[in-house]
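Student: I am new to this structure. Could you take one part of it and walk me through its surroundings in detail?

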Amino acid sequence: MELRGKRAIVIGERDGVSGAAIEACLKSAGAEVLYVTTQCFV
Amino acid sequence: MDLDGQGEIKQLVERLGREGVVAILGAVTPEGVRMAAETLMHGDPSYAGPLAGVALGIPSYHILEPAIARQVDPALYERELALTASVVDIAQLVKPLEQLRAGRG
């Protein structure tokens, strides 16, 4: 699946990869980020 | 996935459509990955949130999946993903996503 041109919903996790980190990575690959959250299960 | 997030995503997809929309996950347990992906594909499996009974049909991928991670800028990968990638079982995280995307989940 090529990220370039895709519109992304980002569901990060505090104890994993955060939403902000995923957002930066996706933008570097040419995706548009529509929504970002970082979940916390504590 | 928390209930507020479900509501926001539902509204977003209703407003913008789902053409070309994918979800990218960052959870590091297979259960966490599966729950988020199932909610976005078939609806909230706990029937507690706004996506209960709402099948958005959005496919989910993990940011650490090799096919996804290799598209990320290498410097960003090193800074944001490499450490986590070194300590989790990526194949275990990706397995439920592949099943859902193939219509087997």
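Tutor: What follows is a close look at one strand and the parts around it.

The model is predicted. Our subject is strand S1 of chain A, residues 7-13. Start with its setting. Six of the seven residues of S1(A) are buried, so the strand is largely enclosed by the rest of the structure.

What encloses it? Begin with the sheet. S1(A) belongs to an open sheet of four strands, ordered S2(A)-S1(A)-S1(B)-S2(B). The pairing in this sheet is parallel. Its edge strands are S2 of chain A and S2 of chain B, and each of these pairs on one side only. From one strand to the next, the twist averages 25°. As background, strands of a sheet pair through backbone hydrogen bonds, either parallel or antiparallel.

Now take the neighbours of S1(A) in turn. In chain A, the partner is strand S2, residues 32-39. The two strands run parallel and share seven bridges. One point to find on screen is A:Ile11, which stands opposite A:Thr37 in S2(A).

In chain B, the partner is strand S1, residues 21-25. Here five bridges join the strands, and again the sense is parallel. A:Ile9 stands opposite B:Ala23 in S1(B). A:Ile11 stands opposite B:Leu25 in S1(B).

Next, follow the chain onward from the strand. The loop between S1 and H1 of chain A holds A:Gly16. Is A:Gly16 buried or exposed? A:Gly16 is buried, because 23 other C-beta atoms lie within 10 Å, and 20 or more is the cut-off for that label. Its contacts include residues of the other chain: A:Gly16 touches B:Gly26, B:Ala27, B:Val28 and B:Thr84. A:Tyr35 sits 19 residues away from A:Gly16 along the chain, and their C-alpha atoms are separated by 18 Å.

Which residues of H1(A) are buried? They are A:Gly19, A:Ala21, A:Ile22, A:Glu23, A:Cys25 and A:Leu26. An α-helix has 3.6 residues a turn, so residues three or four places apart point the same way. The buried residues of H1(A) pack against S1 and S2 of chain A. They also pack against S1 and helix H4 (74-87) of chain B. H1(A) is followed by A:Gly30, whose phi is positive, near 95°.

To close, here is the picture in order. S1(A) is largely enclosed. S2(A) pairs with S1(A) in the parallel sense, and S1(B) is joined to S1(A) in parallel as well. H1(A) puts buried residues against S1(A). Trace the sheet order S2(A)-S1(A)-S1(B)-S2(B) on screen, and you will see strands of both chains in one sheet.

Notes
Residues are numbered from 1 along each chain as its sequence is written. Chains are lettered from A and ligands numbered from 1 in the order in which they are written. This is a predicted model: local features need pLDDT of at least 70, side-chain atom pairs count only at pLDDT 80 or more; totals for chains, interfaces and linings use all residues. A residue is buried if 20 or more other C-beta atoms lie within 10 Å of its own, exposed if 12 or fewer, and partly exposed in between; C-beta atoms are placed from the backbone. Two strands pair if DSSP finds at least two bridges between them. Two residues are in contact if their C-beta atoms, placed from the backbone, lie within 7 Å. Axes are lines fitted to C-alpha atoms, for helices over the stretch in contact, and angles run from 0 to 180 degrees between N-to-C directions.
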